[in-house]
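Please look over this model with me. My notes follow as numbered points.

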Amino acid sequence: MNESLINPFTLTHPTAVQTSLFALALFARWDPSGRYLATGRTDGSAAVWDLETRAQVRALDGHVQAVTAVDWSRNSRFVLTASKDWNAIVWDLAARCDPPQRYATIRFDAPVSSAAFHPRNSRIVLAVTTTGEVYLTDLRREHRARVELCEPSNDPQDQRPSRAAITVARFDPAGKYIFAGTAAGTILVFHARTKVLVARHKIAGAGVMKGLDFAKSGRRMVTNSSDRTLRQFQLPAYVPTGASVLEQELEPTHRFTDPINKTAWHAMSYSPDGEWLAGVRAADAATHKIYIWDISNDGQFATTLDGGREPLVHLHWHPAKSTLASTTNQGNVLVWHCPSAERWGAFAGGFEEVDENVEYEEREDEFDIEDEETIRARKMKAEDEPVDVDSVPAPPPLGASAAEAAADEDVAWADEDPDEDVGGWRMRVVMEEDGDI
């Protein structure tokens with residue numbers, strides 16, 4: 001695919017570095033508003049960066065070992081950090097003190113490899129430990145519990161559940177299901193509300209699952225596995241009753257691999273519209289390269305972004321714009337964007353750009369006010385038009401499908417005892433003293 005032949009104003013993927021942040025970061029993740037970046041570090045600290053000022057606005061010091069994951073609540077008020085010190089901490093950015101105090105601390109029985117908020121409620125936390133276990137922790141008063149999600153035993157006499165080592169787990173964008181990848185190359189799908197297994201998908205030849213990502217619609221998923229291949233799948237419809245487990249082998253719609261070097265992939269991320277997929281290779285020892293595929297054009301390879309000689313370890317796509325945040329092994333965060341020249345002619349069909357000022361000649365009737373008689377005649381004509389007051393609009397259907405009813409139950413469950421993450425909150429501005437500058 002030759003991008004030089006494409007109109008540059010239709011490109012929706014980044015093409016150039018806009019700025020860089022010296023953050024000493026292992027990874028960086030955008031918040032849902034796209035204004036802030038959260039970074040995790042090897043010393044156990046995390047930080048929040050403001051992209052408008054390109055400065056660090058909050059330091060989150062609560063772990064004693066390396067931070068392994070960060071996540072944002074849906075309105076960006078709460079930040080979740082997970083660490084190898086067996087803890088996951090929830091931070092409240094609306095707190096009046098700086099640095100912010102811990103809002104909640106969740107202690108696990110092993111180092112935490114990843115953690116995430118429920119998309120609708122930050123009091124529901126999903127965490128994966130390095131020992132291959134996944135826990136759904138509910139901090140709400142009426143639902144307080146910590147449930148381990150695992151495959152049920154095939155033998156009714158066996159009191160111990162089957163424990164396939166789970167290496168990665170994610171909520172789907174709606175928060176209705178939890179997708180967990182195992183070391184055996186299997187995708188387990190759990191219903192978030194009932195915690196029951198609803199589907200088991202075997203991925204042929206995949207090996208150990210290393211990463212999952214979803215398009216915003218939730219109908220497409222991409223996986224990263226130890227066989228050095230990215231696979232994209234169209235997800236089927238699931239029945240959340242749990243009466244029977246859907247056993248289905250998923251066939252990928254696209255495979256993305258490096259046929260020459262046969263190298264593995266570090267990370268991948270969908271664009272906000274789901275039309276582009278970005279991936280980072282693990283073995284680019286002296287290059288900063290991001291590979292981008294055009295999903296809307298049958299998954300064809302689109303371009304490679306070259307950002308220098310520092311190897312890449314992580315990337316994350318902006319939630320709303322054509323912007324990427326890539327993290328190098330030196331801790332620098334590069335922000336990519338899609339620059340474009342101004343096209344003033346797009347504002348109006350007859351708009352003409354000029355190189356110097358031109359005196360405009362006004363037409364005689366160009367700015368004349370409409371005659372009052374014409375306005376009065378138009379109003380009288382509108383009053384004479386008949387108004388239908390007898391017809392009644394058709395009522396909505398009384399019944400709803402089983403899927404819609406189940407979805408309503410899932411939303412109601414997630415919204416019970418809601419968190420304090422409401423829109424319109426403001427982060428407190430901290431002024432530096434003269435001695436601190």
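1. Buried means under 20% relative accessible area, exposed over 50%, and partly exposed in between (1.4 Å probe, protein chains only). Helices (H or I, at least four residues) and strands (E, at least two) are DSSP runs, numbered from the N terminus. Strand E23 (residues 265–270) has five of its six residues buried, so the rest of the structure largely encloses it.

2. On the source: this is a predicted model, in which local features need pLDDT of at least 70 and side-chain atom pairs count only at pLDDT 80 or more, while totals for chains, interfaces and linings use all residues. Residues are numbered from 1 along each chain as its sequence is written, and side-chain values use heavy atoms, with hydrogens and water left out.

3. Confidence comes next. pLDDT is the predictor's confidence in each residue, from 0 to 100. The protein chain averages 85, and 84% of the residues score at least 70. Over residues 1–9 the pLDDT is below 50, and this stretch has 15 contacts in the model beyond near neighbours in sequence. Contact means heavy atoms within 4.5 Å.

4. Overall make-up. The protein chain has two helices and 29 strands. Of its 437 residues, 44% count as buried. Among contacts with a separation of 6 or more, 48% come from residues 24 or more positions apart. The accessible surface (Shrake-Rupley method, 1.4 Å probe; for residues, only the protein chains shown count as cover) comes to about 23800 Å². Carbon and sulfur atoms account for 50% of that surface.

5. Back to E23. Two strands pair if DSSP finds at least two bridges between them. E23 and strand E24 (residues 276–281) run antiparallel and are joined by five bridges. Tyrosine 270 has leucine 277 in E24 as its bridge partner. Five residues lie between the strands of this hairpin, and glycine 274 takes a positive phi near 75°.

6. What does the side chain of aspartate 258 make polar contacts with? Aspartate 258 sits in the loop between strand E22 (254–257) and E23. Aspartate 258 is buried, with a relative accessible area of 9%. A polar contact is a pair of N or O atoms within 3.5 Å; within protein, one must be able to donate a hydrogen and the other to accept it, and residues adjacent in sequence count only if both atoms are side-chain atoms. The partners are the side chains of threonine 263 at 3.2 Å and arginine 281 at 2.2 Å. Not counting residues up to four places away in sequence, aspartate 258 touches Thr263, Trp265 and Arg281.

7. An open sheet. Five strands are ordered E14-E15-E16-E17-E21, with mixed pairing. Strand E14 (166–171) and strand E21 (246–249) stand at the edges with a single partner strand each, so one side of each has no neighbour in the sheet. Neighbouring strands of this sheet are turned by 20° against each other on average, direction ignored. Strand E17 (residues 197–202) and E21 run parallel, joined by four bridges. Lysine 202 stands opposite glutamate 249 in E21.

8. Is tryptophan 72 buried or exposed? Tryptophan 72 counts as buried, at 6% relative accessibility. This residue is found in strand E6 (residues 67–72). Leaving aside neighbours within four places in sequence, its contacts include Trp30, Tyr36, Phe78 and Phe117. A polar atom of the tryptophan 72 side chain lies 3.2 Å from the backbone oxygen of arginine 29. The C-alpha atoms of tryptophan 72 and histidine 118 are 9.7 Å apart, at 46 residues along the chain.

Technical notes: Axes fitted to C-alpha atoms, helices over the stretch in contact; angles between N-to-C directions.
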